[in-house]
Number of protein chains: 2
Amino acid sequence: MTADSRHLYAVLRRVRPLHLLSARAVTAALESEQLTLGVRALLETLTDGGPAPVPAIGRMLSMPRQVIQRLVDQAIEQGLVATRPNPAHRRSPLVELTAHGRTTFGRVHEAELHNLSTIAAALDPDDVAAAVRVLDALVAGVARITGDQPEEAT
Amino acid sequence: MTADSRHLYAVLRRVRPLHLLSARAVTAALESEQLTLGVRALLETLTDGGPAPVPAIGRMLSMPRQVIQRLVDQAIEQGLVATRPNPAHRRSPLVELTAHGRTTFGRVHEAELHNLSTIAAALDPDDVAAAVRVLDALVAGVARITGDQPEEAT
């Protein structure tokens with residue numbers, strides 16, 4: 001038996017409210033760290049994917065290069081990231097985490113995971129695994145519809 | 001056994017890309033109908049919940065009242081919605097779908113479901129049901145963290 005599209009739409013219907021709510025929750029948690037949501041996303045991308053030039057970060061976050069450049073400038077000022085020469089592209093330096101950036105994101109993310117633990121404790125791990133499968137299929141499938149490259153989600 | 005927060009975070013991590021991609025897919029599909037994403041959301045809210053005043057629609061969509069008022073004005077101009085007196089609040093009329101609004105949203109949404117059917121056909125209905133459960137738990141749980149009222153997701 002296969003799922004029907006009306007049922008699958010129930011998944012999509014929950015995505016926007018959850019996106020708004022979690023952006024709000026993450027923003028509130030960042031206040032004490034003096035981090036913005038954008039800089040947090042930058043730190044997460046560099047934590048997961050390692051050093052990267054601005055255009056690649058923009059593709060990963062589905063954000064315009066100019067926006068990423070502003071986030072990088074802000075993060076450099078806060079001592080969270082630094083740039084170094086890019087052997088592959090002389091004019092597009094690599095952005096990398098500083099030690100301060102790494103520990104800051106680590107601390108922020110641990111607090112986020114702690115907040116999630118109560119919600120996780122009430123859930124079946126098989127359900128969570130199924131949710132990841134369904135969302136991955138939706139990301140890939142909707143990207144095919146729009147002709148877009150899905151941003152990295154791992 | 002219960003889920004762990006790191007695994008649950010994998011679900012949250014997929015929400016922003018999926019939100020961006022589906023907004024893009026829906027917007028592209030709306031072009032031929034001369035509808036905006038906002039007016040589409042208004043029509044969907046009225047289809048599901050029946051006639052409602054502007055402030056209630058704002059709460060359901062987590063959008064400021066002024067934004068909803070602009071969408072309502074736009075939709076009135078397109079003949080998709082109309083207002084009628086609200087017995088409960090003299091100064092806050094009810095917004096309701098016109099017959100044209102109802103058939104327009106019906107047609108738009110059928111096309112969206114048709115687009116989803118290929119993705120749905122490759123999924124296990126139990127996985128989809130699990131995904132809905134997990135997303136509902138996240139919406140409710142994250143709303144508790146932020147102290148927000150979750151927007152309606154059904």
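How many residue pairs are in polar contact across the interface of chain A and chain B? The rule finds 20, with both residues of each pair at pLDDT 80 or more. The legends below describe close-up views of this predicted model.

**Figure 1. Chain A in outline.**
Chain A holds seven helices and three strands. Along the sequence, their order is α-α-α-β-α-α-β-β-α-α. The C-alpha atoms fill a box of roughly 55 × 35 × 25 Å along the principal axes. Chain A has 154 residues, and 48% of them are buried. Among contacts in chain A with a separation of 6 or more, 53% join residues 24 or more positions apart.

**Figure 2. The contact between chain A and chain B.**
Chain A brings 66 residues to the contact, and chain B brings 66 residues. About 6600 Å² is buried between the two chains. Carbon and sulfur atoms give 70% of that area. On the side of chain A, A:Arg13, A:Arg14 and A:Leu18 lose the most area to chain B. Together these three residues account for 11% of what that side buries.

The polar contacts across the interface of chain A and chain B come to 20 residue pairs. Which helices of chain A each supply at least two residues of the side that touches chain B? They are helix 1 (5-13), helix 2 (15-30), helix 3 (37-49), helix 6 (99-121) and helix 7 (125-146). Helix 7 of chain A gives the most, with 19 residues. By residue class, the side of chain A that touches chain B divides into 37 nonpolar, 12 polar and 17 charged. Salt bridges between chain A and chain B number 10. One of the pairs is B:Arg13 with A:Glu44. The closest N and O atoms of B:Arg13 and A:Glu44 are 3.6 Å apart.

**Figure 3. The rotation axis.**
Two copies of a chain are related by a rotation about an axis and a shift along it. Here, a rotation of 180° superposes chain A on chain B, with 0.0 Å of shift along the axis and an RMSD of 0.0 Å. That is the relation of a two-fold axis. Which residue of chain A comes closest to this rotation axis? A:Ala131 does, with its C-alpha at 2.0 Å. The same surface serves both copies, as 100% of the contact residues of chain A recur in chain B.

**Figure 4. Helix 1 of chain A and its packing.**
Six residues are labelled here as buried in helix 1 of chain A: A:Ser5, A:Leu8, A:Tyr9, A:Val11, A:Leu12 and A:Arg13. Within chain A, the buried residues of helix 1 pack against helix 2 and helix 7. In chain B, their partners are helix 2, helix 3, helix 6 (99-121) and helix 7 (125-146).

A:Ser5 sits in helix 1 of chain A. Is A:Ser5 buried or exposed? Its relative accessibility is 14%, under the 20% limit, so A:Ser5 counts as buried. Neighbours within four places in sequence aside, A:Ser5 is in contact with B:Leu113, B:Leu116, B:Ser117 and B:Ala120.

**Figure 5. Two loop residues of chain B with positive phi.**
B:Gln34 lies in the loop between helix 2 (15-30) and helix 3 (37-49) of chain B. Phi of B:Gln34 is near 55°, a positive value in a residue other than glycine. B:Gln34 counts as exposed, at 65% relative accessibility. B:Ser62 belongs to the loop between helix 4 (54-61) and helix 5 (65-77) of chain B. B:Ser62 is not a glycine, yet its phi is positive, at about 50°. With a relative accessible area of 29%, B:Ser62 is partly exposed.

**Figure 6. A:Gly147, after helix 7.**
A:Gly147 is found in the segment after helix 7 of chain A. The relative accessible area of A:Gly147 is 64%, over the 50% limit, so A:Gly147 is exposed. How far apart are the C-alpha atoms of A:Gly147 and A:Asp127? They are separated by 30 Å, and the two residues are 20 residues apart along the chain.

Terms used
Residues are numbered from 1 along each chain as its sequence is written. Chains are lettered from A and ligands numbered from 1 in the order in which they are written. This is a predicted model: local features need pLDDT of at least 70, side-chain atom pairs count only at pLDDT 80 or more; totals for chains, interfaces and linings use all residues. Side-chain values use heavy atoms; hydrogens and water are left out. Contact means heavy atoms within 4.5 Å. Buried area is the accessible area (1.4 Å probe) that two parts lose on being put together, summed over both. A salt bridge is a side-chain nitrogen of Lys or Arg within 4 Å of a carboxyl oxygen of Asp or Glu. A polar contact is a pair of N or O atoms within 3.5 Å; within protein, one must be able to donate a hydrogen and the other to accept it, and residues adjacent in sequence count only if both atoms are side-chain atoms. Helices (H or I, at least four residues) and strands (E, at least two) are DSSP runs, numbered from the N terminus. Ala, Val, Leu, Ile, Met, Phe, Trp, Tyr, Cys and Pro count as nonpolar, Asp, Glu, Lys and Arg as charged, and the others, Gly among them, as polar. Copies are superposed by least squares on the C-alpha atoms of residues with pLDDT of at least 70 in both. Buried means under 20% relative accessible area, exposed over 50%, partly exposed in between (1.4 Å probe, protein chains only).
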